[in-house]
Amino acid sequence: MSRPRASLFVLDTGPLITLAAADSLDYLLYPNVPVVIPDAVFYEATRDSAKLGAQSIIEWVKAHHEQVEIAVTNTYLNFDTARSVNPNAYEPNLGEQASVEVIEEPTRLQGDEKAVLLCEETMVTRRIVVRERERIIELSTMDFLNLLEAEQRIQSADAVFDRALAAGRTPSRVEKFSEHDAALRDAVRETLGTARRVPSGGGRRRRKS
Amino acid sequence: MTEAQTTALLKRYSKAYVSVADVRHALGGITFGDVLTELAKRDLPLPRAPEAGREQRIAAARAVLFPKAA
């Protein structure tokens with residue numbers, strides 16, 4: 001299989017949660033390029049099932065495992081090991097560190113492949129020192145939505161943000177999520193565990209389908 | 001942080017004067033989902049990044065993600 005022309009890297013929880021809250025996660029698939037989510041970012045977005053969007057993100061990743069890669073990182077593996085010793089272990093910059101690790105993997109950005117980085121926290125991209133920086137393009141969620149609007153794939157970028165905020169005003173939705181807390185925790189563990197069981201083999205580490 | 005200070009900070013974020021990282025840090029390491037919920041409680045919009053200076057970046061991404069349209 002030939003390498004893709006580009007990949008879309010979701011480098012922090014902002015885009016995932018905003019799109020999940022707006023029931024619009026599928027927009028990430030509209031460019032028809034691989035979507036890469038560092039394992040720690042997936043973990044941060046879904047670790048608390050009562051949080052806005054967590055359940056939608058888990059279900060969406062499971063449903064689209066062919067297009068969506070949960071990228072395994074040493075950052076998250078080390079954190080997970082520390083957490084098994086001390087369940088209260090906390091790493092404030094976990095997602096950020098894992099994102100930097102994923103982008104800087106030598107097996108990424110081969111040939112003339114480009115990387116579009118979707119993130120709200122600009123500090124992530126400031127820390128990335130890739131070999132050819134001109135090959136990466138950083139976008140915020142709104143940039144991405146504006147792009148889809150210009151491409152006439154969606155009607156209104158603003159409407160997506162409005163839907164996300166409307167979801168934030170609906171506490172009953174959050175209560176509904178918390179009823180399924182245990183099952184959701186298992187789903188997160190299973191998704192991350194599956195990603196880890198796939199041998200790296202010097203190439204990309206993808207979730208097993 | 002008092003309620004007034006929290007609201008003032010969220011208003012600044014809503015106008016894209018500060019980053020969401022600053023907000024999360026100032027409010028004790030809350031999640032992005034919590035920020036979204038706090039904005040919603042106060043009827044504040046999510047920040048729309050200013051268009052000026054970003055058109056080029058969006059156009060470059062469009063050319064990469066939708067090459068036929070470029």
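In which sense do S4(A) and strand S5 (residues 136-139) of chain A pair, and over how many bridges? Parallel, over four bridges. Some notes on that and a few other spots follow; keep in mind that this is a predicted model.

1. **Chain A overall.** Chain A has 10 helices and five strands. Of its 209 residues, 56% are buried. As for the contacts in chain A between residues at least 6 apart in sequence, 72% of them join residues at least 24 apart.

2. **Strand S4(A) and its neighbours.** S4 covers residues 114-118 of chain A. On one pairing, strand S1 (residues 6-10) of chain A runs parallel to S4(A), with five bridges between them.

3. **How enclosed is S4(A)?** Four of the five residues in S4(A) are buried, so the strand is largely enclosed by the rest of the structure.

4. **Helices H2(A) and H3(A).** H2 (residues 39-46) and H3 (residues 54-63) of chain A pack with their axes 8 Å apart, at an angle of about 140°. Angles over 145 degrees would count as roughly antiparallel, so at about 140° the H2(A)/H3(A) pair is classed as oblique. On the H2(A) side the contact is made by A:Phe42, A:Ala45 and A:Thr46, and on the H3(A) side by A:Ala54, A:Ile57, A:Ile58 and A:Val61. By residue type, that contact has six nonpolar residues, one polar and no charged.

5. **B:Arg42.** Over in chain B, have a look at this arginine in the loop between helix H3 (32-41) and helix H4 (55-65). Is B:Arg42 buried or exposed? Its relative accessibility is 19%, and the cut-off for buried is under 20%, so B:Arg42 counts as buried. Its side chain makes a polar contact of 2.9 Å with the side chain of B:Glu3. Leaving aside residues up to four places away in sequence, B:Arg42 touches B:Glu3, B:Thr6, B:Thr7 and B:Leu10.

Terms used. Residues are numbered from 1 along each chain as its sequence is written. Chains are lettered from A and ligands numbered from 1 in the order in which they are written. This is a predicted model: local features need pLDDT of at least 70, side-chain atom pairs count only at pLDDT 80 or more; totals for chains, interfaces and linings use all residues. Side-chain values use heavy atoms; hydrogens and water are left out. Axes are lines fitted to C-alpha atoms, for helices over the stretch in contact, and angles run from 0 to 180 degrees between N-to-C directions. Helices (H or I, at least four residues) and strands (E, at least two) are DSSP runs, numbered from the N terminus. Angles under 35 degrees count as roughly parallel, over 145 as roughly antiparallel, 65 to 115 as roughly perpendicular and the rest as oblique. Contact means heavy atoms within 4.5 Å. Ala, Val, Leu, Ile, Met, Phe, Trp, Tyr, Cys and Pro count as nonpolar, Asp, Glu, Lys and Arg as charged, and the others, Gly among them, as polar. Buried means under 20% relative accessible area, exposed over 50%, partly exposed in between (1.4 Å probe, protein chains only). Two strands pair if DSSP finds at least two bridges between them. A polar contact is a pair of N or O atoms within 3.5 Å; within protein, one must be able to donate a hydrogen and the other to accept it, and residues adjacent in sequence count only if both atoms are side-chain atoms.
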